Amino acid sequence: MNTQLSQAAKEVLAERQRQIEVKGYTHEHDDSYNHLTGRLVGLALERIFRCVNKTEENYRICLVEAAALLLAEIERIDRKESKAAYMNPVNWTSGIRW
C-alpha cells in the first residue's frame, strides 16, 4: 500500500489546520456540537452548494474546505466514542482502553 498522501489529502489536512489556528475551530469548539445538530456536516454541504457555479479551480477549493469540515466531524465522533469507551467501567476491569 502506498503510504504517501496525495496532494488533495495534504491540502485537506492543511485546511483543517488553518481552520483550527486561524478560525478558532478547535476540538473544544467542534465538541460543542453533536450529531443531532449536524452543524459541521451542514457547513460542509453549504460550502459545496455555494460553489457549484464557480470555476473549476474555485470549486476545488470549496471541496477542500468542505472535506476539512467533514474531517472535523469525523474527529469529533472519534473523540466522543473514545471518551465513552474510557468512561465505561467494563473497560477499567479488563485493562482495555478502546
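Buried means under 20% relative accessible area, exposed means over 50%, and partly exposed lies in between (1.4 Å probe, protein chains only). Keep those cut-offs at hand for the tour.

This is a predicted model, in which local features need pLDDT of at least 70 and side-chain atom pairs count only at pLDDT 80 or more, while totals for chains, interfaces and linings use all residues. Residues are numbered from 1 along each chain as its sequence is written, and side-chain values use heavy atoms, with hydrogens and water left out.

**Stop 1: His27**

Select His27. Its relative accessibility is 35%, so His27 counts as partly exposed. His27 lies in helix 2, residues 27-31. Helices here are DSSP runs (H or I, at least four residues), numbered from the N terminus. Now show the contacts, meaning heavy atoms within 4.5 Å. Leaving aside neighbours within four places in sequence, His27 touches Arg16, Glu75 and Arg79. Next, pick Glu73. His27 and Glu73 are 46 residues apart in sequence, yet their C-alpha atoms are 9.8 Å apart in space.

**Stop 2: helix 1**

Select residues 7-21. This is helix 1, with 15 residues. The expected span is 1.5 Å times one less than the number of residues. That gives 21 Å, and the end C-alpha atoms are 21 Å apart, so the two agree. Colour the buried residues: Val12, Glu15, Arg16 and Gln19. They cover an arc of only 100 degrees around the axis, so they sit on the same side of helix 1. The arc is taken from the directions from the helix axis to the C-beta atoms. Turn to the other side of helix 1 and find Gln7 and Glu21, which are exposed.

**Stop 3: the core**

Select Tyr33, Leu40, Ala44, Ala66, Leu69 and Ala72. These six residues form the largest nonpolar core. Such a core is a set of buried Ala, Val, Leu, Ile, Met, Phe, Trp, Tyr and Cys residues joined through side-chain atoms within 4.5 Å. Helix 3 and helix 4 each supply at least two of its residues. The largest share, three residues, comes from helix 4. Zoom in on Leu69. Beyond its neighbours within four places in sequence, Leu69 is in contact with Gln19, Leu40, Leu43 and Ala44.

**Stop 4: the disulfide**

Select Cys51 and Cys62. They form a disulfide, with sulfur atoms 1.7 Å apart; the cut-off is within 2.5 Å. Cys51 is in the loop between helix 3 (39-50) and helix 4 (56-87), and Cys62 is in helix 4. The torsion about the S-S bond is about -55 degrees, so the disulfide is left-handed. Cys51 is buried at 4% relative accessible area, and Cys62 is buried at 7%.
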